[in-house]
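Student: I would like to learn how to read a model like this one. Could we go through it feature by feature?

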Protein chains: 2
Amino acid sequence: MQSFELTRGFINTLKDAIKQEERDVVLKMIDDLRAADIAEVSAELESDEAQYLYSLLDRETSAEAITEMEEDDREELLKELPSEFIAREFINNMDSDDAADVLSELSDELQVEILQKIPDIEQAGDIADLLAHDEDTAGGLMATELIRVNINWNLTTCLREMRKQAENVDEIYYVYAVDDNNIFKGTVTLKNLLLASGHTKIKSLYEPDIITVLVDTPAPEVANIMEKYNLVAIPVIDNIGRLKGRITIDDIVDVIRDEAEKDYQLMSGISEDIDSSDNVWTLTRARIPWLIVALFGGILGSLVISQFTGELSLFPQVAIFIPMITAMGGNVGIQSSAIIVQGLANNSLGLESTSKKLMKELGVAVLNGLALSSMIFFYNYFYTHSFALTISVSVALFTVIVFASIFGTIVPLFLNRIKIDPALATGPFITTVDDIIGVLIYLSIGRYLFTVMH
Amino acid sequence: MQSFELTRGFINTLKDAIKQEERDVVLKMIDDLRAADIAEVSAELESDEAQYLYSLLDRETSAEAITEMEEDDREELLKELPSEFIAREFINNMDSDDAADVLSELSDELQVEILQKIPDIEQAGDIADLLAHDEDTAGGLMATELIRVNINWNLTTCLREMRKQAENVDEIYYVYAVDDNNIFKGTVTLKNLLLASGHTKIKSLYEPDIITVLVDTPAPEVANIMEKYNLVAIPVIDNIGRLKGRITIDDIVDVIRDEAEKDYQLMSGISEDIDSSDNVWTLTRARIPWLIVALFGGILGSLVISQFTGELSLFPQVAIFIPMITAMGGNVGIQSSAIIVQGLANNSLGLESTSKKLMKELGVAVLNGLALSSMIFFYNYFYTHSFALTISVSVALFTVIVFASIFGTIVPLFLNRIKIDPALATGPFITTVDDIIGVLIYLSIGRYLFTVMH
């Protein structure tokens, strides 16, 4: 079976069928779809059309589809529905972690209202507990649904208990072994269960050296650990070692994707999590802040250049290389910062000290600087008639490349040290500063050389 | 158990112990480590030290650690070892997909040499088959190790066969059901196995509507499918539906990470997959190509400006806003391209047509353009003494923002249409073109207004 491909035609036909309330046609169209497909489809529908669609689904599927929806679309849909309905039809049938995620997007008031109306009291309690955790920590990612066995049981008891518990757990992956005080002892793999025979005790079956995370371990760290050790699920324990939940790889894939997107957006100078389907206002609001920063950078740059208007009116040809100098500074600075930011993100900076990194960066900068300023030297030597300009551009280009490399390396390391997201350094901030400093370096060198040589 | 944290002290102690061939000390130090930790540790060792370390490990662990190593480090280590040793100690004990990955990095000659020396002929055959697939397709990602049951078996036979097959499979996740011709029919979840009782036939137990991919499905598409449907493993079939292998989520996490890093590197103008621990030459080689592009862009820009030196010597204050104009064009262009590139990467562009996207982008550009050019208008009105300059900068800034938005939206869509990686559009290419066009727009408007108004 191939995965579902959404088309404009499908949506139009579906919208027509919904408009005419042709229940059977709609049901037939969505019969083959999975929850994630329904979520995709409903994102293209108007709010009332989506409600009609969800009303036709069984509770399991609609709860899962709601979970899979984009946050914005979900918010729009939920705000039209009574809290009683949300609690009973959606939240009650979700995994605890998904339920907590969905609820955390709503107002505190509405959260309480919905929590009180969840029919399954135990589920409501689990969700309330999860909501207490910061959503960027292991506690905020974990689900409480898991298969838990006591190390003192034998395989037969264990299998019977597992059958009972498995009703509530979608995917099993591992079975978690705890002692009488719910202290986590290790995992029993399904392979172990398959290969073991007879009345083996869990005590002799579980694997003890299992990597765990604490409830307050930051989400990106959990992602790095699961990725490094190729884990599909990781147990979450509290400070005294009690088993609190487990995090599965699908939630971690989201964390990895989100982290990468966040870095990407910061680098592109976008300040909110947006995509191209957002409306004009949202897109504008997300894009203008860094442009304003660049505008102020431009004003500062103009103040720097205005100190040199005397020289520029005498030697206007100096102005013609301003864009090259600023572009090169920006490009080199972003390269340097991006390497550091990526190293910090995937924990691959290794054990190299900061001073060794800087020395290496200096080496790269000198090589690149020499190569590029030689190129522009030969170009200017043959095509430009001012030797002072030829020398100024090459010396300035070299200096700007070295400066931008070092600055681009130091800034993200420094931001990281003071606990600010280092990816900030890759965006318009670094190019703006590089522009100003670059122009200042270029025009100062130019002023000096032109004074000396003319 | 917490995950291992590599420190400089640990490495130094280990290096000393290896130098003095203190076998017991080394063994004690690495006793608690997992394969991924060993890989991390060995990356910090010299080649001969790493060899010594691997010689102390059991075959399973050393094969896994080799798999987990960074490509560069692995290459360095393997080139020192005889092919017989690589075949017997490493490749023979790896999962088929990992073995194929490792072999694919070696020369064709060495591949054949090693393949012929693998003791397990069946394993050698599987690996040779996998090597035939493009590594960026499902066939290149899949492993042949999986648990396969016949739909005509009953649960008892099935469990007996599973125990036999499970010896070769690290993680089970799902059991795959096929018919007598190895045509894939569906999966049996472990939950189904646990909950079923007695002599149920597999025929009545398997779930038929399972999403599959073909051996030649591109890797990023496999990643999108597994991510969308939250799958931990996906079966890979050939054109006539025969089960060829399965892809597990850990390999997909790598695909997602790689895709994100590739986009990130293209945006930062880096042309090879590097990290900060690479040497100065590698780093320089990866960074200089786009800088050369920017240099040529700068030269083109200089040719544009040199058409205006007459005006610049009369009105040198025009030059002071050149960096602002180029910076704004670059920033806006990258924002526009990044939104498109990210939408293409995670398949979230939705069903909006290109013309609708462009209209929206135009809306955003007009709003941002009006806001920013009003700001600079007021600044210049109060602080600059030339009204012609005030008007020129504002009109040019608005025009450049609109141009860069449209250009930044069209280019990645166009690149994608002609099957070139759209992320190319986010790098120095777009800023370079924006710089040139921006300067041309600014100076042309400036020339016109200064002529009219003075």
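Predicted model: local features only at pLDDT ≥ 70, side-chain atom pairs only at ≥ 80, totals over all residues.

Student: Let us begin with domains. Which domains does the assignment give for chain A?

Tutor: The assignment divides chain A into domain 1 (8–134), domain 2 (148–256) and domain 3 (280–453). The centres of domain 1 and domain 2 of chain A, taken over C-alpha atoms, are separated by 30 Å.

Student: Now sheets. What is the strand order in the open sheet of chain A?

Tutor: The general idea comes before the case. Strands of a sheet pair through backbone hydrogen bonds, in a parallel or antiparallel sense. In chain A, 3 strands make an open sheet with the order E4-E5-E6, and the pairing is mixed. Strand E4 (213–214) and strand E6 (243–248) of chain A each have a single partner strand, so they stand at the edges with one side lacking a neighbour in the sheet.

Student: In which sense do E5(A) and E6(A) pair?

Tutor: Strand E5 (residues 233–237) of chain A pairs with E6(A) in the antiparallel sense, over 5 bridges.

Student: How many residues lie between E5(B) and E6(B) in their hairpin?

Tutor: There are 5 residues between them, and Gly241(B) in the turn has a positive phi of about 90 degrees. Strand E5 (residues 233–237) of chain B and E6(B) pair in the antiparallel sense over 5 bridges. Ile234(B) stands opposite Ile247(B) in E6(B).

Student: Next, burial. Is E6(B) enclosed or exposed?

Tutor: Count the buried residues. In strand E6 (residues 243–248) of chain B, 6 of the 6 residues are buried, so the strand is largely enclosed by the rest of the structure.

Student: How many residues of helix H3(A) are buried?

Tutor: In helix H3 (residues 35–43) of chain A, 8 of the 9 residues are buried, so this helix is largely enclosed by the rest of the structure. The buried set includes Ile38(A), Glu40(A) and Val41(A).

Student: What do the buried residues of H3(A) pack against?

Tutor: The partners come from both chains: helix H1 (8–19), helix H2 (23–30), helix H4 (47–56), helix H5 (59–68) and helix H6 (71–78) of chain A, together with helix H14 (219–228) of chain B.

Student: Which residues touch the most other members of the largest nonpolar core?

Tutor: That core has 211 residues, and Val222(A), Met328(A), Val222(B) and Met328(B) touch the most other members. Helix H18 (residues 322–345) of chain A gives the most to this core, with 13 residues. Among the residues that Val222(B) touches are Leu141(B), Ile234(B) and Ile247(B).

Student: How many residues of chain B are in contact with chain A?

Tutor: 104 residues of chain B are in contact with 104 residues of chain A. Helix H16 (residues 280–306) of chain B gives the most to that side of chain B, with 16 residues. The side divides into 57 nonpolar, 28 polar and 19 charged residues.

Student: Last, backbone angles. Which phi value does Lys419(A) have?

Tutor: Most residues other than glycine have a negative phi. Lys419(A) is not a glycine, yet has a positive phi of about 65 degrees. Lys419(A) is found in the loop between helix H20 (387–417) and helix H21 (428–453) of chain A. It is exposed, with 7 other C-beta atoms within 10 Å.

Student: Where does Glu21(B) lie?

Tutor: Glu21(B) lies in the loop between helix H1 (8–19) and H2 of chain B. Its phi is positive, near 50 degrees. With 9 C-beta neighbours inside 10 Å, Glu21(B) counts as exposed.

How values were computed. Residues numbered from 1 in each chain as written. Chains lettered and ligands numbered in written order. Pairing = 2+ DSSP bridges. Helix = DSSP H or I, 4+ residues; strand = E, 2+ residues; numbered from the N terminus. Contact = placed C-beta atoms within 7 Å. Nonpolar A, V, L, I, M, F, W, Y, C, P; charged D, E, K, R; others polar. Core = buried A, V, L, I, M, F, W, Y, C linked by C-beta atoms within 7 Å. Buried ≥ 20, exposed ≤ 12 C-beta atoms within 10 Å, placed from the backbone. Domains from an automatic or database assignment. Lists of a residue's contacts leave out its neighbours within four places in sequence.
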